[in-house]
Amino acid sequence: MNPSRQEAIETITLLLTQAIDALESGGPELVEPASELREMVTRPPRVAIAGRLKSGKSTLVNALTQHHIAATDSVECTMAVSMYLDGAPARAEVVGLDGRVDRVSLGQGPLDHLPRPLDEVDYVRQFVPNVSLQRLSLIDTPGTATLTVDNEQRTRRMLIDGAKDTRRDSAWAECVVFLSDSAPREDERVFLSQLGMTPLTTMGVLSRADSFGAGAFGTQDPIQLAGVHAARIAEQLGSAVRTVLPLSGLLAESALVGQVTERVARSAAALAHLDRDGVLDVIEVDDPSIIVPGFTAAMRDELLDVLGEYGVMVGRSVAHAQGAVGLMQWMRDVSGIDSLTDLLTGDNAYFAVLQRAVRMLDALEDLSNNYAVRDHVRWVQEILLGQPQMHEVLLYRSYRDTYVSTPDSSLLGPLRQAITAATSAEVAGLSPSADPASVRARHEQELGRLQQLAMTPLSAAEDEARERLIIAHQQALRSMT
């Protein structure tokens with residue numbers, strides 16, 4: 001991550017924490033809201049995993065945490081919203097719609113049953129000692145509007161309704177990863193637009209990339225084909241997502257949770273001498289030992305469970321040449337998991353802090369409607385918004401509000417450009433190496449354009465965004481002197 005980004009994260013987090021301390025001093029009515037906000041501000045960024053039925057959401061959770069913490073074979077548990085947090089001892093807290101919390105020890109494996117009927121469960125908190133969860137906490141959801149009504153309601157209750165409820169700040173996510181095997185459908189686009197996110201904190205994943213197209217036995221490499229298709233989807237979605245990445249969740253999970261053993265590598269290597277048709281025969285026949293002496297159906301089934309057809313077809317030569325270590329690294333490399341992890345833990349951490357800061361401003365605005373504490377809350381708002389470092393947060397809020405209210409606004413591009421910029425030249429939409437005279441000229445040109453926009457019909461969000469962009473260009477010009 002860019003050092004300036006890390007510095008901005010620390011500065012904004014400190015400002016928010018100080019504002020929460022000041023809020024708490026306003027009396028007993030503000031102690032609980034302040035506690036909720038403090039938990040939200042100080043915890044790791046939280047990523048919601050959403051997508052279609054059997055799109056690989058729980059598999060992705062396991063790959064991101066490098067631990068088998070999400071049940072992939074328990075229908076009951078995969079139908080409940082689960083939050084995965086770092087903590088010991090390993091345990092689950094099943095939160096009911098009635099507010100009751102049932103605690104379950106996780107022992108050595110994932111939660112595989114619920115202590116009460118699914119329709120009585122609000123969500124599940126699962127605590128697991130895990131280094132990856134110290135960087136990112138995760139929310140695994142049962143699905144979107146393409147699934148059953150019950151699944152949709154559970155997902156919406158956590159990600160959409162919960163984000164609007166200041167009493168559930170701890171459930172908020174700052175980022176969403178949406179899994180799909182094709183371009184999002186219209187109802188899924190609507191769902192994404194209702195999350196209160198921005199495209200900078202919304203990532204698309206083209207799941208099951210290892211079986212894309214004709215799959216392992218087609219004429220084109222499915223993962224490469226998935227990469228081309230993912231780029232096409234990203235172009236179709238325009239500014240609605242930050243990017244779309246291809247991912248093989250099976251290869252990622254198997255490589256990262258310790259399923260690639262020497263036995264698996266030896267079984268894969270035993271097929272290295274076969275041609276394409278020979279591998280296909282081994283997969284399809286009842287007794288593969290007639291093709292490869294000593295190679296049993298159990299060995300074949302284990303290979304398919306761990307590697308899938310693509311992993312068997314392509315990875316067998318890797319296993320033969322490099323053994324289990326080489327096979328595991330190859331699976332990790334081709335799966336796409338490292339690219340996704342880098343994205344989530346890199347600059348996304350900065351955008352996540354902006355997202356949570358904006359939600360804190362929303363919460364303060366809600367609290368200011370309470371007559372008993374209104375004056376104190378408004379004092380906290382005034383002090384916080386007066387800090388120069390809050391410009392970045394207010395710029396991001398304008399981006400979010402404009403994206404929600406006016407998704408075709410011409411200001412969205414410049415807003416995104418200003419938020420992601422690391423230099424004054426980039427704020428102006430130029431290369432960091434552009435000469436200073438060109439940068440100044442572009443800033444002055446943009447300032448003139450933004451001032452002229454005041455004479456045109458704009459939504460309230462666009463007008464606020466226009467003013468924020470003017471400040472961004474003025475600051476960039478000052479930084480060049």
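Visitor: Which residue does Arg400 form a salt bridge with?
Guide: Arg400 pairs with Asp401, and their closest N and O atoms are 2.9 Å apart. A salt bridge here is a side-chain nitrogen of Lys or Arg within 4 Å of a carboxyl oxygen of Asp or Glu. This is a predicted model, in which local features need pLDDT of at least 70 and side-chain atom pairs count only at pLDDT 80 or more, while totals for chains, interfaces and linings use all residues. Residues are numbered from 1 along each chain as its sequence is written, and side-chain values use heavy atoms, with hydrogens and water left out.

Visitor: Is Arg400 buried or exposed?
Guide: Arg400 counts as buried, at 12% relative accessibility, whereas Asp401 is partly exposed at 28%. Buried means under 20% relative accessible area, exposed over 50%, and partly exposed in between, with a 1.4 Å probe and protein chains only.

Visitor: How many salt bridges does the whole structure have?
Guide: The search finds 22 salt bridges. One of them joins Asp347 and Arg5, with the closest N and O atoms 3.9 Å apart.

Visitor: Which parts does that pair tie together?
Guide: Asp347 lies in the loop between helix 13 (337-345) and helix 14 (348-367) and Arg5 in helix 1 (residues 3-24), so the pair ties together parts that are 342 residues apart in sequence. Helices (H or I, at least four residues) and strands (E, at least two) are DSSP runs, numbered from the N terminus. Arg5 is buried at 8% relative accessibility, and Asp347 is partly exposed at 28%.

Visitor: Which residues are linked in a network of salt bridges?
Guide: The network links Asp98, Arg100, Asp102, Arg116 and Glu120.

Visitor: Changing topic, how many aromatic pairs are there?
Guide: There are three aromatic pairs. Among them, Tyr350 and Phe351 are tilted, at 5.6 Å centre to centre and 55 degrees between the planes. Rings of Phe, Tyr and Trp (its six-membered ring) pair if their centres lie within 6.5 Å; planes under 30 degrees apart count as stacked, over 60 as edge-to-face and the rest as tilted.

Visitor: And what about Tyr396 and Tyr399?
Guide: Tyr396 and Tyr399 form an edge-to-face pair, 6.4 Å centre to centre with 70 degrees between the planes. Both residues lie in helix 16 (residues 391-405), three residues apart, about one turn of the helix. Tyr396 and Tyr399 are both buried.

Visitor: Where is the cis peptide bond?
Guide: The cis bond joins Ala88 and Pro89, with omega about 0 degrees. Pro89 sits in the loop between strand 2 (82-86) and strand 3 (91-96).
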